[in-house]
Amino acid sequence: MLLARLAGTSRDVAATSARSRKTAALAELFADTRPEDVALVIAYLAGRLPQGRIGIGWSVLREPTPPAATPTLTVSVTDTALTALAGVTGPGSQGERKRLVHELMAAATAEEQEFLRRLLIGEVRQGALDAIALEAVAKAAGAPATDVRRAVMLDGSLPRVARALLAEGPSALQQFRLRVGTPVLPMLAHTAKTVTEAAQALDAPCAVEEKLDGIRIQLHRRGDDIRIYTRSLDDITDRLPEVTDAARQMTGDQFILDGEVIALDAAGRPVSFQDIASRVGSRVDVDAARATLPLSPVFFDVLAADGEPTLDLPGTERHTVLARLVPEPMRVRRTLIENPADAQQTAAAEEFFTATLRRGHEGVLVKALDAPYVAGRRGRSWLKVKPVHTLDLVVLAAEWGHGRRTGLLSNLHLGARAADGTYVMLGKTFKGLTDEMLRWQTERLRELATGDDGFTVTVRPELVVEIAYDGVQRSPRYPAGVTLRFARVLRHRPDKPAGEADTIEQVLDSRG
């Protein structure tokens, strides 16, 4: 497939907000895609490189290259070129990368060049692309979307399912079944403001469980073979000997469990997510890492037991199975709301939420007891409740948007006040901005602009924005060594002078 065809579809999908039109455009593209190309097409449309980060930044991409007059570049040739780029290392690597990028860009038309730039710097944004791509693959192959969704849920890979489906037709879906030893995408949750709101939204008996700030894991045991997978389905078995030891203590030998690994300090409080991530990410001297920071698995669901799937069982029955397999110290704390209309029960659940926060955990998950486990989806039967943190920060710069945001200043660089009157950058966000907010901030930031390199507009630090975020984490990328987790814009604060924005000391203190 020509890259120009993919780039044009990407442009059309980004330019419309209508899900039906996005799906139709992608379905037409997939219908014309060779099965062997579909994995690349899906990855590129979602803004992902199979090679991962390849060390190409704006400083290389901003150098102009005359575009090709006619499209000849294919997605497979593009992939080969990017693989070559990813493999460049050692002395002279910077010059070699520039040469290879110039060579690739010279083979691309102007539209293809623009798509490649956005792909390489991670700026391909088209909105819920994975979910829409799944529906489009189903439409292109003439298969029910529900069947395709379940196949992806069980296999963990839309590209693999799409390739089989486009090559063999709907009958190919029969090969995708739940198997102990093959990871599946985890079930995710939507949000609610309070426990009471969540229970009333579910309008059914529900469990309220601690939400732990650890690493999501999926534990598979088949006899003596024990495998541990991350949320993104990476195998990390060799890095978590504690979890392997715990699995051997459990009854049964044909099961799949869903849970998290956490770590507790000497006072029994959870340590930071980043410390846990650093430990799990360590590939060397696991025994030393274990001695320094031992981890504890905590499980909250079961996907298979005795070799049989439990996904479709209601939550109450799955918890009964979980309790049979997993000792109580390794199960998540929970309380029940039998009747969401009972004020006394919801008040007790709100107190459970408060106590959970006092123990140092993130919040709670409210789960309908009659709901199945819907792997790979953000289901409405699980609702997470966390405290909302906000800061008033100053805009230091903004990046020009792409797709539907072309011509608008979108990604905001955020800073907190320092004691010397300067501002300390804490990160970036483009989330939470409505079309009206984008238009207003573009006009205002243009008035404050002090420079524009075609990608980023630097501005006088005068506009204050109210930011919601989930927490503060360490980051070597920013001067204070921290950044905000899941930052999103709540509102602009033109009424508030920059001198009244929050300070970096307040940000650091909020880490608790």
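**View 1. The whole chain, its surface and its packing.** The accessible surface of the chain, computed by the Shrake-Rupley method with a 1.4 Å probe, comes to about 23,400 Å², and 50% of it belongs to carbon and sulfur atoms. The model is a predicted one, in which local features need pLDDT of at least 70 and side-chain atom pairs count only at pLDDT 80 or more, whereas totals for chains, interfaces and linings use all residues. Residues are numbered from 1 along each chain as its sequence is written, and side-chain values use heavy atoms, with hydrogens and water left out. The chain holds 18 helices and 19 strands, these being DSSP runs numbered from the N terminus (helices H or I, at least four residues; strands E, at least two). The radius of gyration is 25 Å, close to the 24 Å that the globule rule gives for 512 residues, so the chain is as compact as a globular protein of that length; the radius is taken over C-alpha atoms, and the rule is 2.2 Å times the number of residues to the power 0.38. Along the principal axes, the C-alpha atoms fill a box of roughly 65 × 65 × 50 Å. Of the 512 residues, 51% count as buried, that is, under 20% relative accessible area, with exposed meaning over 50% and partly exposed in between (1.4 Å probe, protein chains only). Among contacts (heavy atoms within 4.5 Å) with a separation of 6 or more, 71% are between residues 24 or more positions apart.

**View 2. The mixed five-stranded sheet.** Five strands form an open sheet in the order β1-β10-β9-β2-β8, with mixed pairing, where two strands pair if DSSP finds at least two bridges between them. The edge strands, each pairing on one side only, are β1 (188–191) and β8 (334–337). From one strand to the next the twist averages 35°; axes are lines fitted to C-alpha atoms, for helices over the stretch in contact, and angles run from 0 to 180 degrees between N-to-C directions. Within this sheet, β9 (residues 363–368) and β10 (residues 378–385) pair in the antiparallel sense over four bridges, and Lys367 stands opposite Trp382 in β10.

View 3. Strand β3 (residues 215–222) and strand β5 (residues 254–262) run antiparallel and are joined by eight bridges, with Ile217 opposite Gly259 in β5.

**View 4. Strand β15 and its partners.** Strand β11 (residues 389–400) pairs with β15 (residues 456–459) in the antiparallel sense over three bridges, and the bridge partner of Ala397 in β15 is Thr458. Strand β14 (residues 449–452) also pairs with β15 in the antiparallel sense over three bridges, and here Ala449 stands opposite Val459. β14 and β15 form a hairpin with three residues between them, and Gly454 in the turn has a positive phi of about 90°.

**View 5. The surroundings of Glu466.** Glu466 lies in strand β16 (residues 464–469) and is buried, with a relative accessible area of 13%. Its side chain makes a polar contact of 2.5 Å with the side chain of Arg491; such a contact is a pair of N or O atoms within 3.5 Å, of which, within protein, one must be able to donate a hydrogen and the other to accept it, and residues adjacent in sequence count only if both atoms are side-chain atoms. Not counting residues up to four places away in sequence, Glu466 touches Thr390, Leu391, Asp392, Arg488, Val489, Leu490, Arg491 and Arg493.
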